[in-house]
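Please keep the sequence and the model in view while reading.

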Amino acid sequence: MAHCATGVAHRTDFVEAAAKAVDKETIMRIAVVGAGGVGGGFGAALAHAGADVTFIARGAHLVAMRSEGLKVQGGRGETHLVPTQATDDPASVGPVDIVLFCVKLWDVESAGEHIKPMVGPDTAVIPLQNGIDAPDRLIPILGRDAVMGGVAQISASIIKPGVINQVGTFMRMIFGELDGRITPRGKALLALCLKAGFDATLSEQINTELWMKFVGLATNAGMTAVTRQPIGRLRDDPDLRPLFVSACEETIAVAHASGIKLPPDPLAKVLDFIGHAPPAMKASMALDLERGNRLELPWLNGKVVELGRKLGVPTPTHEFLYAVLKPYAMGTPS
């Protein structure tokens, strides 16, 4: 699920140079690890723009992509990649320029080991997951130079093997080096994203962007999962809105206690994004709950609770959301 940008990334500084780079670029090789709503949505758009994109997938979704291609449908129209380059073997792909790392949070370490054959000296691995700790978990496996930070802003999910449905039209990727440098690989990816037709930001403060997404994401994930309702039925309810506000405030307090520099009035920015989200949107954790799947709960509401206890920050709303959802953390109880 997506969240708000902070305005700290100077996208306009790079747009002109990025546009010029499009004409000069060689075909960028991209691997998408985890071809669900996020990876499939962005990967299909980049492939449609001319990138050499290979999807690392498994199971029925892989079989369908190989036989029928990958279809992305919804508010932005339809993209159908035929044929689709897809495999379950990263070694067969070899080193690439960019890895969009989109697996579920419990698979970070195992998938990180799995993709090593695709990571060369200049490869950028960009986690586009929920949560805030994926880069820190990948660095010991892939090396600090390989890992960038990333934020995905899209509401999309697999509705059947080979088919992804996007809710609404909003689609944005924010990415940047963890140390704030502007690098050639970042500029090259920005150029490609702009060519692909979705909004993109090359950020000099990606950790701030990650936390701004997390403030709203952890809240929306817990709330839409607990209620089993889309955001449009929740955000303006007079009994539920105070829970949204308090959950966001708790996460902001944890961010400040963690030493993260947030933009002015972060609560207003997050609530504004929630207010403009597609009414039918549900967080991916809510969709997983409905399907009886494992939840990313420990890395979302559970992470707020964990950090709050460590830092001495009260998080009663997230404690409630975590406790109520915990019986479902490993899937629907038998």
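## A cis proline in a loop

P83 is found in the loop between strand 4 (79-81) and strand 5. The peptide bond that joins V82 to P83 is cis, with an omega of about -5 degrees. Most peptide bonds, by contrast, are trans. The model described throughout this report is a predicted one.

## The nonpolar cores

How many residues does the largest nonpolar core have? It has 41, and I30, L46, L100 and F175 are those with the most contacts inside it. Apart from it lies another core, of 40 residues, which includes L217, A221, I260 and L271.

The surroundings of L100 can be listed individually. Leaving out residues up to four places away in sequence, L100 touches I30, A31, V32, V33, F42, L46, I126, L128 and M173.

Helix 3 spans residues 59-68, and its buried residues are H61, L62, A64 and M65. Viewed down the axis of helix 3, these buried residues fall within an arc of 165 degrees, so they line one face of the helix. On the face of helix 3 turned away from the buried side are the exposed residues V63 and S67.

Against which strands do the buried residues of helix 3 pack? They pack against strand 2 (52-56), strand 3 (70-74), strand 5 (86-87), strand 9 (156-160) and strand 10 (163-166). Just after helix 3 comes G69, which takes a positive phi of about 85 degrees.

Q166 is found in strand 10, one of the strands against which the buried residues of helix 3 pack. With a relative accessibility of 6%, Q166 lies under the 20% cut-off and therefore counts as buried. Neighbours within four places in sequence aside, Q166 is in contact with Q73, G74, G75, R76, I154, S155, A156 and M171.

D88 lies in the loop between strand 5 and strand 6 (96-101). Is D88 buried or partly exposed? At 44% relative accessibility, D88 counts as partly exposed. Not counting residues up to four places away in sequence, D88 touches A57, L62, R66 and H114; of these, L62 is one of the buried residues of helix 3. D88 and V33 are 55 residues apart along the chain, and their C-alpha atoms are separated by 9.4 Å.

## Helix 8 and its partners

Helix 8 (residues 241-257) and helix 9 (residues 266-276) pack at an angle of about 135 degrees, and their axes are 10 Å apart. The crossing of helix 8 and helix 9 is right-handed. Helix 8 contributes R241, F244, V245, C248, E249 and I252 to the contact, while helix 9 contributes P266, L267, V270, L271 and I274. Among these, L271 also belongs to the core of 40 residues.

Helix 8 packs with helix 12 (residues 316-325) as well, at an angle of about 110 degrees and with the axes 8 Å apart. Helix 8 and helix 12 are therefore roughly perpendicular to each other. Here L243, S246, A247, E250 and T251 in helix 8 meet P316, T317 and H318 in helix 12.

## The loops on either side of helix 8

R228 lies in the loop between helix 7 (206-227) and helix 8. Although R228 is not a glycine, it has a positive phi of about 60 degrees. At 34% relative accessibility, R228 counts as partly exposed.

Most residues other than glycine have a negative phi. P263 is placed in the loop between helix 8 and helix 9 too, and at 9% relative accessibility P263 counts as buried. The C-alpha atoms of P263 and T79 are separated by 36 Å, and the two residues are 184 residues apart along the chain.

Note on methods:
Residues are numbered from 1 along each chain as its sequence is written. This is a predicted model: local features need pLDDT of at least 70, side-chain atom pairs count only at pLDDT 80 or more; totals for chains, interfaces and linings use all residues. Side-chain values use heavy atoms; hydrogens and water are left out. A nonpolar core is a set of buried Ala, Val, Leu, Ile, Met, Phe, Trp, Tyr and Cys residues joined through side-chain atoms within 4.5 Å. Buried means under 20% relative accessible area, exposed over 50%, partly exposed in between (1.4 Å probe, protein chains only). Contact means heavy atoms within 4.5 Å. Helices (H or I, at least four residues) and strands (E, at least two) are DSSP runs, numbered from the N terminus. The arc is that of the directions from the helix axis to the C-beta atoms. Axes are lines fitted to C-alpha atoms, for helices over the stretch in contact, and angles run from 0 to 180 degrees between N-to-C directions. A crossing is left-handed if the near helix is turned anticlockwise from the far one by less than a right angle, and right-handed if clockwise. Angles under 35 degrees count as roughly parallel, over 145 as roughly antiparallel, 65 to 115 as roughly perpendicular and the rest as oblique.
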